[in-house]
Amino acid sequence: MTATAHKFFSPARIGAIASNTLLELVRLKVFYFLLIFALIMIGSSAFMVRFTFAEQFQVLKDVSLGAMSIFTWLLSVLATAMLLPKDIEDRTLYTILAKPVPRLEYLLGKLIGVLLLLLVSTLVMSAMFAIALYLRQQTVIAETMRTTPPEQVAEAIRNIKASTFTINLVPGVITIYLKAALFASLTLFISTYASSWIFTILISVAVYIIGHLQSTARDYWLASGDAGALTKIFLAIVSLIFPDLQLFNLIDDIVAGNAIAMAMFLKTCGLGVLYACIYLLVAYFVFANKEL
Amino acid sequence: MAEHAISIRNLTKVFPIPFRRERVVAVRDLSLDVEPGQVYGLLGPNGSGKSTTMKIVLGLVPPTAGSTQIFGRDSSFVESREEVGFLPENPYFYKFLTGEETLRFFGKLCGLRGAKLRERTNELLALVRLENARDRRLGGYSKGMLQRIGLAQALIQNPRLLVLDEPTAGVDPAGSREIRDLILDFKKRGITVLLCSHLLGQVQEICDRIGILHQGVLVREGRLEELISIENQTELILENSTPELLRQIEADIAKSGARIVEMRKPQTTLERFFLEVTSDKK
Ligand SMILES: Nc1ncnc2c1ncn2[C@@H]1O[C@H](COP(=O)(O)OP(=O)(O)OP(=O)(O)O)[C@@H](O)[C@H]1O
Ligand SMILES: [Mg+2]
């Protein structure tokens, strides 16, 4: 063993920590929340009969994507907030860092573990959503066949199909995932210096609220015309530290059936990844000098 | 100059107490060396800075002043941990992992994989006698079992140095004796051991050299034999001696001008007695 040189960056070590983190979360039975999501999907279908078919799809998309967005975000914050404090409290961190594991690899492993969890959850929820959408589509088609004059059926079905599975669902789901990933990184960063997980969660929630309100606030202040230099600087700082979360919210556009501009979508993705990386880096700087 | 296994130079560690002006000096200007192949015992009352010293040596806690090295590599570098196994005091591991998964996890952190990792895991589970519990989660392990899985984990990459913080805390006498025998075995294989323990009897049995810390200051340090032997006394234990013989010896002693300090029936130790009573008579 003595001859092997130390690797400064070892994917195997990061992989070990990441899979261990995922295993921890799985054995904590966090995936059970998916059942709640399934219940929401089933429940929302119960109210559908009163709407026109176009409205039905809109409601289904609105409810499903909204629930997905909240759930992945909540999962990301809750799961990440407990990881570090638990390792520190149980002293498992001592045993890990007493092995030749750089602290950056430890953090990265934890983050990747959460990202995997989020990925699996997002995929499962997307699949549930797709199934619900498909079932609804079939019901609506069956109904249309009964009620529409035969010469218009083909046209009607084409309309229905065009308004169920639209291409902009994909960027919608991706931005939901990216927002959750960004929050995983942010929460990890907060938990490197927070003294308790409650504090971590509170701060994450605060950032969530600020992130959602800031564009509205900015528009309001700047539109009212009386924004002084100080206000402008304040707003600039806020928008630098906190990501503008409205960018990640494509649900309204998707529900309304608006096309999502590719450039805008890519910019949002880039922003999400950038913020996640910055938070991770800051987390590392705090964690590297932390007394355990 | 030969490389020290551990070298500690003028180490000081001060913990600030949050929200107050006081500070705790956990370790004060400590210097000591552990040579390769030695079993070094760090002793001292509760709160004397033993665990703190170990954590600094392993780079888990940064020193306030001074430096520590492992095989010539400064503790602040991750590479210095390549050849060390550490058993923390009250070892806690992931409760959701089984014994086997725990060893595999730590093995992977040390760069082991595949057949080699599997082999090493089995070997160590056998060594610490946890083969029957390999598929049980650590949440259900007893304190002694945790201590043993901790020891196995520390050994996973075949390190040249072991740092053991109270390896026998909470372990029953038989288990504690096993751990003692394991340490003696490591010593035979040339592994350096730094350990701290409150069981002075055991320390006396296994350590070559000891250091005694008191309130963070190293008050005594040296080879165990030299520190505790009483140069002008000799112990004599007889079996089946007759009263006449004893009387004669006493008379001879009186004639020679020496003095009998104490004369008594030796007792078996409580440890030996306990082991005798609880051992499976098979
Ligand atoms: N993280 C910390 N923050 C503040 N003070 C600490 C910290 N860790 C240790 N101390 C203090 O440093 C001193 C030495 O502690 P240490 O744990 O090294 O003692 P020890 O010799 O291992 O004792 P024991 O035999 O009880 O294990 C104690 O006074 C302790 O309160
Ligand atoms: Mg201690």
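This is a predicted model: local features need pLDDT of at least 70, side-chain atom pairs count only at pLDDT 80 or more; totals for chains, interfaces and linings use all residues.
Which side chains meet E101(B) in a salt bridge?

Residues are numbered from 1 along each chain as its sequence is written, chains are lettered from A and ligands numbered from 1 in the order in which they are written, and side-chain values use heavy atoms, with hydrogens and water left out.

**Chain A**

The C-alpha trace of chain A spans about 80 × 55 × 35 Å along its principal axes.

**Where the chains touch**

Next, select the residues in contact (heavy atoms within 4.5 Å), which number 30 from chain A and 39 from chain B. Together the two chains bury about 3,200 Å², with 61% of it on carbon and sulfur atoms; buried area is the accessible area (1.4 Å probe) that two parts lose on being put together, summed over both.

Now select R27(A) and E101(B), whose side chains meet in a salt bridge at 2.9 Å, N to O, the term standing for a side-chain nitrogen of Lys or Arg within 4 Å of a carboxyl oxygen of Asp or Glu. The count between chain A and chain B is one salt bridge, while seven residue pairs are in polar contact there, both residues at pLDDT 80 or more. A polar contact is a pair of N or O atoms within 3.5 Å; within protein, one must be able to donate a hydrogen and the other to accept it, and residues adjacent in sequence count only if both atoms are side-chain atoms.

On the side of chain A that touches chain B, the elements giving two or more residues are α1 (11-27), α4 (92-97) and α5 (103-147) of chain A. Of these, α1(A) supplies the largest share, eight residues.

**Ligand 1**

Finally, centre on ligand 1 and show the 14 residues that surround it, the closest being N46(B), G47(B), K50(B), S51(B) and T52(B); a residue is near if one of its heavy atoms lies within 4 Å. Draw distances from oxygen atoms of ligand 1 to side-chain N or O atoms: 2.9 Å for N46(B) and 3.4 Å for E166(B), and for T52(B) a polar side-chain atom lies 2.5 Å from a ligand oxygen. The elements that give two or more residues to this shell are β2 (23-34) and α1 (50-57) of chain B, and α1(B) gives the most, with three residues.

Key
Helices (H or I, at least four residues) and strands (E, at least two) are DSSP runs, numbered from the N terminus.
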